[in-house]
Amino acid sequence: MNALITLTTAEFQRAIRNRWALASILLLASLAFSLALLGSAPIGETRASLMSITTVSLSSLSLYLIPLVALTISFDTIVGEAEQGTLLLLLSYPISRWQIILGKFSGQLLVLLLAILVGYGSAGIYLAAQGGADSTAWISYVQMMASSLVLGAVFIGIGCLISLLSKVRASAIGAAVGIWLLLLVLYDLVLLGLVLADKEQRLMPELFNLLVLLNPADVYRLYNLAGSDAAGLVSGVAGLATAGPHALLGIMGLWVAGLMAVSVYLFSRKEL
């Protein structure tokens, strides 16, 4: 356990030295405050509070931004150490390989947690000070922050797996960009194409729902835009969720656990 804590701390400090943490905090904070300020003067009338409007906007933005940040800080988890020659030195210490994987994952997750807490949290405090939040809106906002962290954990796990399977950092970068495009852009385009092509409605709704739930990004979207009553009121997708909020979070949690299990297994059999 002491080795795991040490590895987690070392990975977090490495991210601080590389200024990933500061860059992520500034990015999330600036975007959150921008959306909060834009939402402070909504056009027309709405029954939703200012914080609910900001929650929906941040959810839509985080769907693309959080995975990108997570992949950026994790794509060179192993391959970067191998290229620098420090991986063999790390393995010479009396620590297990699974501790290296989980330590690096935990350290990177702490970086993302810090960025979300400071970036989104400060915007939430600002909205509360402006009187644009009630208890229900606060709950939705905190749920959005928590689910963003879980989504980030999924893509940190994907980044770790990419790093394990890549031989050089250049290929890891290309794979990370490809995965981001596949899960955030192309996957939904394919689903849309299937729906448009299924004019006679031969595609069973159960199959379509299953395909949606197989993508962690879509699960995140459902949780924040359909699983929350306040967010659903603003986004217009209330009632579209095919599973409860806890089940949706559980699906993303299974993604994290599965990715970590595969990464630990591959790293334990990796020849260096």
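Mentor: Start with contact: it means heavy atoms within 4.5 Å. Helices (H or I, at least four residues) and strands (E, at least two) are DSSP runs, numbered from the N terminus. The model is predicted: local features need pLDDT of at least 70, side-chain atom pairs count only at pLDDT 80 or more, and totals for chains, interfaces and linings use all residues. Residues are numbered from 1 along each chain as its sequence is written, and side-chain values use heavy atoms, with hydrogens and water left out.

Trainee: Which residues meet between α8 and α10?

Mentor: From α8 come L183, L184, Y187, D188 and L191. From α10 come A217, D218 and R221.

Trainee: What makes up that contact of α8 with α10, by class?

Mentor: Five residues are nonpolar, none is polar and three are charged. Here Ala, Val, Leu, Ile, Met, Phe, Trp, Tyr, Cys and Pro count as nonpolar, Asp, Glu, Lys and Arg as charged, and the others, Gly among them, as polar.

Trainee: How are two packed helices described?

Mentor: By the angle between their axes and the distance between the axes. Axes are lines fitted to C-alpha atoms, for helices over the stretch in contact, and angles run from 0 to 180 degrees between N-to-C directions.

Trainee: At what angle do α8 and α10 cross?

Mentor: At roughly 80 degrees, and their axes come within 9 Å. Helix α10 covers residues 216-225. That makes α8 roughly perpendicular to α10. The cut-offs are these: angles under 35 degrees count as roughly parallel, over 145 as roughly antiparallel, 65 to 115 as roughly perpendicular and the rest as oblique.

Trainee: Why are α7 and α8 called oblique to each other?

Mentor: Helix α7 (residues 135-165) and helix α8 (residues 169-197) pack at about 140 degrees, with axes 10 Å apart. That angle falls among the rest, so α7 and α8 are oblique to each other.

Trainee: What is the hand of the crossing of α7 and α8?

Mentor: Right-handed. A crossing is left-handed if the near helix is turned anticlockwise from the far one by less than a right angle, and right-handed if clockwise.

Trainee: Which residues of α7 and α8 meet?

Mentor: F155, I158 and I162 in α7 meet A172, A175, A176, I179, L183 and L184 in α8. By class, this contact of α7 with α8 has nine nonpolar, no polar and no charged residues.

Trainee: How do α7 and α10 pack?

Mentor: Their angle is about 175 degrees, and the axes are 10 Å apart. That makes α7 roughly antiparallel to α10. In α7, Q143, M144, S147, S148, L151 and V154 take part; in α10, P216, A217, Y220, Y223 and N224 do. The contact of α7 with α10 has seven nonpolar, four polar and no charged residues.

Trainee: Now single residues. Why does T55 count as buried?

Mentor: T55 has 2% relative accessibility, so it counts as buried. Buried means under 20% relative accessible area, exposed over 50%, partly exposed in between (1.4 Å probe, protein chains only). T55 is found in helix α3. Residues up to four places away aside, T55 touches S140, Y141 and M144.

Trainee: Is E11 buried or exposed?

Mentor: Buried, because its relative accessibility is 5%. E11 is found in helix α1 (residues 2-17). Neighbours within four places in sequence aside, E11 is in contact with G103, K104, G107 and Q108.

Trainee: What makes S60 partly exposed?

Mentor: Its relative accessibility is 33%. S60 is found in helix α3 (residues 50-74).

Trainee: Why does V185 count as partly exposed?

Mentor: V185, in helix α8, has 30% relative accessibility, so it counts as partly exposed. The C-alpha atoms of V185 and Y64, 121 residues apart along the chain, are 9.1 Å from each other.

Trainee: And the whole chain: how many helices and strands does it have?

Mentor: It has 12 helices and zero strands. Of its 272 residues, 44% count as buried.
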